[in-house]
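This briefing covers side-chain contacts in the structure shown below. It takes charged pairs and aromatic rings in turn.

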Amino acid sequence: MPFDYSLDFDHIDFREHPELYRVGRGEQGVLLVEPYKSEILPYWRFKTPEIARESSDKIFELFLSYKDQKDFVGMDMARKFLQMGYTRARRYTNYKGGRKYDEDGAVKERQNDPVKAKSAAIFKEKWKQAREDEEYLAMKHEHQKKYG
């Protein structure tokens, strides 16, 4: 079932109402679903490999904490932030300033920033750990079966 953008995200606590949460595709809803956004976002950084390591370790720690609490929505949101760390760092690897398009809408020439590439690789590894976690996968399947 697709991510439902029609929900009143300003007023829904998804910890209290996990039945309203839909996994969606990729990073959908990563900056909408509370209280998880507010719990995870302060740790999400990728400017340097050192910062990316600290950030991805902390977010993965939150993933494991949500797992201990049997909180699938929290686990999925942490997974989405790890994925977003990878995709955003890759965007900055390929395009200075993270902007793919110029002011006229044309695609800018690609570059290769090796520092951002290392940050992306760090996030990719933690994202892989999260998305392949057996308990996460079982909880995801159960959530989707139960709620769509």
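A salt bridge here is a side-chain nitrogen of Lys or Arg within 4 Å of a carboxyl oxygen of Asp or Glu. By that criterion, R15, E39 and D71 are linked in a network of salt bridges. The model is predicted. It holds 10 salt bridges and 13 aromatic pairs.

**Salt bridges between distant parts of the chain**

- R15 and D71 meet through their side chains in a salt bridge, at 3.6 Å from N to O. The two residues are 56 residues apart: R15 is in the segment before α1 (36–40), and D71 is in the loop between α2 (49–68) and α3.
- R15 is partly exposed, with a relative accessibility of 34%, whereas D71 is buried at 11%.
- K67 and D133 form another salt bridge, with their closest N and O atoms 2.7 Å apart. This pair also links distant parts of the chain, with K67 in helix α2 and D133 in the loop between α4 (114–131) and α5, 66 residues apart.
- K67 counts as buried at 18% relative accessibility, and D133 counts as buried at 14%.

- The side chains of R79 and D76 form a salt bridge at 2.9 Å, N to O. Both residues lie in helix α3, three residues apart, which is about one turn of the helix.
- R79 is buried at 6% relative accessibility, and D76 is buried at 0%.

**Aromatic pairs and cluster**

- A pair of aromatic rings is described by the distance of the centres and the angle of the planes.
- Among the 13 aromatic pairs is that of F3 and F9, whose ring centres are 5.7 Å apart; the planes are at 5 degrees, so this pair is stacked. F3 and F9 are both buried.
- F72 and Y136 are also a stacked pair, with 5.7 Å centre to centre and 25 degrees between the planes. F72 is in helix α3 (residues 72–94) and Y136 is in helix α5 (residues 134–147), so the pair links parts of the chain 64 residues apart.
- F72 is buried, with a relative accessible area of 6%, and Y136 is buried, with 1%.
- One aromatic cluster is formed by F3, Y5, F9, F14, Y21, F60, F63, F72 and Y136.

**Charges over rings**

- K58 lies over the face of Y43, at 5.0 Å from the ring centre.
- R131 lies over the face of W127, at 4.4 Å from the ring centre.

Key:
Residues numbered from 1 in each chain as written. Predicted model: local features only at pLDDT ≥ 70, side-chain atom pairs only at ≥ 80, totals over all residues. Heavy atoms only, no water. Phe/Tyr/Trp six-rings, centres within 6.5 Å; stacked < 30°, edge-to-face > 60°. Buried < 20%, exposed > 50% of the residue type's maximum accessible area, 1.4 Å probe, protein only. Helix = DSSP H or I, 4+ residues; strand = E, 2+ residues; numbered from the N terminus. Lys NZ or Arg CZ within 6 Å of the ring centre and 35° of its normal.
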